[in-house]
Amino acid sequence: MFTLAEVASLSDIQPTYRILKPWWDVFMDYLAVVMLMVAIFAGTMQLTKDQVVCLPVLQSTVNSRVQPDTAGKADFTTVETTTGQEEASMRTVSFAPTVPPDILLSRATSSQYQPTESDQELRKEQKDSSGRKTNLDFQQYVFINQMCYHLALPWYSKYFPYLVLIHTIILIVSSNFWFKYPKTCSKIEHFVSILGKCFESPWTTKALSETACEDSEENKQRLTGAQSLPKYVSTSSDEGSPSASTPMITKSGFKFSADKPMIEIPSVTILDKKDGEQAKALFEKVRKFRAHVEDSDLIYKLYVGQTVIKTVKFIFILCYTANFVNTISFEHICNPKVEHLIGYTQFECTHNMAYMLKKLLISYISLICVYGFICLYTLFWLFRIPLKEYSFEKVREESSFSDIPDVKNDFAFLLHMVDQYDQLYSKRFGVFLSEVSENKLRGISLNHEWTYEKLRQHVSRNAQDKQELHLFMLSGVPDAVFDLTDLDVLKLELIPEAKITAKISQMTNLQELHLYHCPAKVEQTAFSFLRDHLRCLHVKFTDVAEIPAWVYLLKTLRELYLIGNLNSENNKMIGLESLRELRHLKILHVKSNLTKIPPNITDVAPHLTKLVIHNDGTKLVVLNSLKKMTNVAELELQNCELERIPHAIFSLSNLQELDLKSNSIRTIEEIISFQHLKRLTCLKLWHNKIVSIPSSITHIKNLESLYLSNNKLETLPAAVFSLQKLRCLDVSYNSIAVIPVEIGLLQNLQHFHITGNKVDILPKQLFKCVKLRTLSLGQNCITSIPDKVSQLLQLTYLELKGNCLDRLPATLGQCQLLRKSGLVVEDHLFDTLPSEVKEVLNQDTGIPFANGI
């Protein structure tokens, strides 16, 4: 027994594909069902009632037709002959095969023939004879009927129902083959599934409803501050089921624009999270399905092929059936060639079902003609218009979704088929092909998820004690961001559809903006605000073309950080857009792979006070543009594969800090030219390959900080210690074995770093530098710390870890500002200190730690 659920599931198969069946396919299906019923009806009648009734053709009848004048005599002779045959037959096989003809003949000639005495005796003998009746006369007629059914009846009369059944099954299979073929059925199933979900999606109803009401009077009232809501805007409770009353898309409406301010329409219906996630999943499915189906036209070719097959089948059936219509008749002549058994050579038979079969055949021919004409119309429709192209032009005209793309190949063909069922399906499907619609959905979902309270929880304090918000990999910028009016720094990273609206004008404290792989679009009102208030901008990109054009128009910008590939043909865009409009730019930070300083940077060179170029190891060759940067106070050329100090630097008379970190500099003999840079106070030559320091370094009289760490120095020349203004000296991670006694001359030295060298003895003169606050002596070969360390009363940081010490001097307790947090040493060495010293070091004075780096 079948359950009700199993039976119900069978009825769901056909409705699944009905949207892909145009009216002609549906009509042909009905015709096929009628033809199938004709075949079943005819076959059933043949199985139950089809039979042939045959009677022998008598010789008297034949002779009477030949000699009509002697009919009486011929009849008598025939009867007599027949009687003689009957007697001979009865005597040989003991049954009367011609009894029925004899009886019929005796009835027919009873007025002329009277039984004789011999006949009466014969009948008496038969009556008196004992035996079993066999009804062989009836069996003879059954035998003849069956034999003549196969010999005399035309084959088409016998097999017509079965041929109709076979042809109908072939036509049904041909009509539905594209639904079952493995390479097409999966695409069709996905399409029907996606189409149904798109039609019933709450987002479809919402998008169409909002589009329809964008230009309505009620919407205008909302824009002017009215509180009343349009009556026809659907709510979240009735979005799920599409109805005939759903407002259609209107032609006019607000457009998304990156250049003009966009009026935001308050969202009346809010999709819940589940509906929003389902809609986003649908957009992704539609995108993948389109990419999968548009690359071939197999479904179109298969449908055309099966239509051609049905047309050829129709012509074939019509041609051969028309020839056999007249072969179905009521009367048939049969010559079974069994006269030695029956005694007759010819029989006249009647086919009982001939009349009904002929009517059924004519009906079948009529149906197949109608079927064929529909096939011809289908072929005309297939080749009349290009079905491998589908345009949403009408939908674009009626809606605000002007970006719905045209589709091709199988995707287009499926949409053409759907239009034959109901064009509303393709209109609703087009919503999920529109990027504008997808962006609207993302915006609604984003605003629903990222509320003001949630964004407030993500606000943090950065190193500069400013309120900072970092948004990472979102679909857009939530509207609630612009309600954080006290925000100082906004970071947007990997947000491809970022849009800065006019509401940013509320953020009066915003001065720093980060755009990391985020080509943000800005409305005109928002741009005006950023142009007047933004001071610092960080832009990280893959190619320079991703830099928003409005960046070059921020006239009040003070700091610009560009991180990305500038060493390409596209870097000409910067020259075209130019930085010359950035008249107030003071700091320019470029992290790229430059081979030369871009000429467009020289447009703002007179205004720059700080230029930072961080290369990725690409050699920076052309540096002549540096000469124009007369106001540059800080210059960093890091990882630029420089082998010598560029001569162009010596023209920067206002230079105060020079950083040549991570290059390939081996010699610094040109350092003598720094004597012309009277304002140079900080020189960073760390992470290079410098072997020695020339004595000409003494000419840099105003030098206060010297960084030579991570080089190949083996000695420190006395000339270094003649720099009386030196406050910071970093020679860490070299091969220095001895600290010269001249170090005591640096009375202003506050930070001394010599970590990672080969020093074994600390000179007493070191402790004459009483202003030392930071002393890094780790990872050396020092065996003891002199007690004179107590003279360093301002010492706050002391690194001794990684040496050969066995104890620490107790005089460390006299370093009033030194605490345990600033003492970097092994635990067992700290335990060697007296308890009172430990107590002093463990005290918390609240003095902030500073290492000078």
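**A conversation about helices, strands and loops**

Mentor: Let us start with Ile170, which is placed in helix 9 (residues 155-180). Helices (H or I, at least four residues) and strands (E, at least two) are DSSP runs, numbered from the N terminus. This is a predicted model, in which local features need pLDDT of at least 70 and side-chain atom pairs count only at pLDDT 80 or more, while totals for chains, interfaces and linings use all residues. Residues are numbered from 1 along each chain as its sequence is written, and side-chain values use heavy atoms, with hydrogens and water left out.

Trainee: Is Ile170 buried, partly exposed or exposed?

Mentor: Ile170 counts as partly exposed, because its relative accessibility is 33%. Buried means under 20% relative accessible area, exposed means over 50%, and partly exposed lies in between (1.4 Å probe, protein chains only).

Trainee: How far apart are the C-alpha atoms of Ile170 and Ile309?

Mentor: They are separated by 9.7 Å, although the two residues are 139 residues apart along the chain.

Trainee: At what angle do helix 9 and helix 10 pack?

Mentor: Helix 9 packs against helix 10 (residues 182-200) at an angle of about 70°, and their axes are 6 Å apart. Axes are lines fitted to C-alpha atoms, for helices over the stretch in contact, and angles run from 0 to 180 degrees between N-to-C directions. The two helices are therefore roughly perpendicular to each other; that word covers 65 to 115 degrees, whereas under 35 counts as roughly parallel, over 145 as roughly antiparallel and the rest as oblique.

Trainee: Which residues make the contact?

Mentor: Helix 9 contributes Trp178, Phe179 and Lys180, and helix 10 contributes Pro182, Thr184, Cys185 and Ile188. Contact here means heavy atoms within 4.5 Å.

Trainee: Now helix 19, please. Why is it described as largely enclosed?

Mentor: Helix 19 (residues 423-431) is largely enclosed by the rest of the structure because seven of its nine residues are buried. Those buried residues are Tyr425, Ser426, Lys427, Arg428, Phe429, Gly430 and Val431.

Trainee: What happens at the start of helix 19?

Mentor: There, a side-chain oxygen of Asp422 reaches to within 3.1 Å of the backbone nitrogen of Leu424.

Trainee: On to strands. How many residues of strand 12 are buried?

Mentor: Six of the eight residues of strand 12 (residues 536-543) are buried, and the strand is mostly covered. Strand 12 runs parallel to strand 10, with five bridges joining them; Leu515 has Val539 of strand 12 as its bridge partner. Two strands pair if DSSP finds at least two bridges between them.

Trainee: What joins strand 12 to strand 13?

Mentor: Six bridges do, and strand 12 and strand 13 (residues 559-565) also run parallel. Asp543 stands opposite Asn565 in strand 13.

Trainee: Where is the antiparallel pairing?

Mentor: It is found in an open sheet of three strands, in the order 1-3-2. The edge strands, strand 1 (52-56) and strand 2 (331-334), each pair on one side only. Strand 1 pairs with strand 3 (residues 347-351) over five bridges, and Val52 stands opposite His351.

Trainee: Last topic: where is His517?

Mentor: His517 is in the loop between strand 10 (512-516) and strand 11 (521-522). Its phi is near 50°, a positive value in a residue other than glycine. Most residues other than glycine have a negative phi. His517 is partly exposed, with a relative accessible area of 28%.

Conventions:
Polar contact = N/O pair within 3.5 Å; in protein donor to acceptor, adjacent residues only side chain to side chain.
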